[in-house]
Amino acid sequence: MAGLMKLACLVLACMIVVGPITTNAALSCGTVSGNLAACIGYLTQNGPLPRGCCTGVTNLNNMARTTPDRQQACRCLVGAANSFPTLNAARAAGLPKACGVNIPYKISKSTNCNRYVVISL
C-alpha cells in the first residue's frame, strides 16, 4: 500500500511540474502522465514492464495524431523525465519499442521536441 501511495505522489508531482506547459495542442500533460503512470516503476526502479504501461504508451500514441499534439506529448515526456532523478535513461529511450510503438524520437531529458517531432504531409 505504501508503494501505491508513493507512485500516486510521483504521478501527481509529475503532473504539477509539467502541467503548466501548454501550446495549441489538445493533449495535456495530465493526459500524458495519466497514460504513463503504470510505467514509473519500470522507468525508475528497474521493475518489470507492466501491461498497463504498454497500454498507456499505445493509447498516448493513438491520441497524438497531429504535429502539435505529438510535440506537446514530447514536451510533457521530457518534463516528466527531468522530474525523476532516478530515471533509467536506457529504459526510457527504449520504452516505445518495448511496447511495440514506433515514434520518431527517443524519450530523454534532452530531446528537442520542435526538431524531431514533425509529421510530414
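Modeller: Among contacts in the protein (heavy atoms within 4.5 Å) between residues at least 6 apart in sequence, 74% join residues at least 24 apart. The model is predicted: local features need pLDDT of at least 70, side-chain atom pairs count only at pLDDT 80 or more, and totals for chains, interfaces and linings use all residues. Residues are numbered from 1 along each chain as its sequence is written, and side-chain values use heavy atoms, with hydrogens and water left out.

Colleague: What percentage of the 121 residues count as buried?

Modeller: Buried means under 20% relative accessible area, exposed over 50%, and partly exposed in between (1.4 Å probe, protein chains only). In this protein, 41% of the 121 residues count as buried. The accessible surface comes to about 6800 Å², by the Shrake-Rupley method with a 1.4 Å probe, where for residues only the protein chains shown count as cover. Carbon and sulfur atoms hold 60% of that surface.

Colleague: What is found at the start of H6, and which residue with a positive phi follows the helix?

Modeller: At the start of H6, a side-chain oxygen of Asn88 comes to within 3.1 Å of the backbone nitrogen of Ala90. A polar contact is a pair of N or O atoms within 3.5 Å; within protein, one must be able to donate a hydrogen and the other to accept it, and residues adjacent in sequence count only if both atoms are side-chain atoms. After H6 comes Gly100, with a positive phi near 75°.

Colleague: Is Asn35 buried or exposed, and which residues does Asn35 touch?

Modeller: Asn35 belongs to helix H2 (residues 29–36). Its relative accessibility is 16%, so Asn35 counts as buried. Leaving aside residues up to four places away in sequence, Asn35 touches Cys53, Gly56, Val57, Asn59, Leu60 and Met63.

Colleague: For contrast with a helix, where is Thr66 placed?

Modeller: Thr66 is in the loop between H4 and helix H5 (67–83). With a relative accessible area of 38%, Thr66 is partly exposed. The side chain of Thr66 reaches the backbone nitrogen of Asp69 at 3.2 Å. Thr66 and Ala26 are 40 residues apart along the chain, and their C-alpha atoms are separated by 9.6 Å.

Colleague: How many disulfides are there?

Modeller: A disulfide is a covalent bond between the sulfur atoms of two cysteines. Here a disulfide is assigned to a pair of cysteine sulfur atoms within 2.5 Å, and by this rule the count comes to four. With bonded cysteines counted along the chain, the disulfides follow the pattern 1-6, 2-3, 4-7, 5-8.

Colleague: Which cysteine does a disulfide join to Cys39?

Modeller: Cys39 is joined to Cys53, S to S 2.0 Å. The link of Cys39 and Cys53 is right-handed, with 100° about the S-S bond. Cys39 lies in the loop between H2 and H3 and Cys53 in helix H4, so the pair ties together parts that are 14 residues apart in sequence. Both Cys39 and Cys53 are buried.

Colleague: What is the torsion about the S-S bond of Cys54 and Cys99?

Modeller: Cys54 and Cys99 are joined by a disulfide, S to S 2.1 Å. The torsion about their S-S bond is about -75°, so this disulfide is left-handed. The pair links distant parts of the chain, 45 residues apart: Cys54 is in helix H4, and Cys99 is in the loop between H6 and helix H7 (113–116). Cys54 counts as buried at 17% relative accessibility, and Cys99 is buried with a relative accessible area of 13%.

Note on methods. Helices (H or I, at least four residues) and strands (E, at least two) are DSSP runs, numbered from the N terminus.
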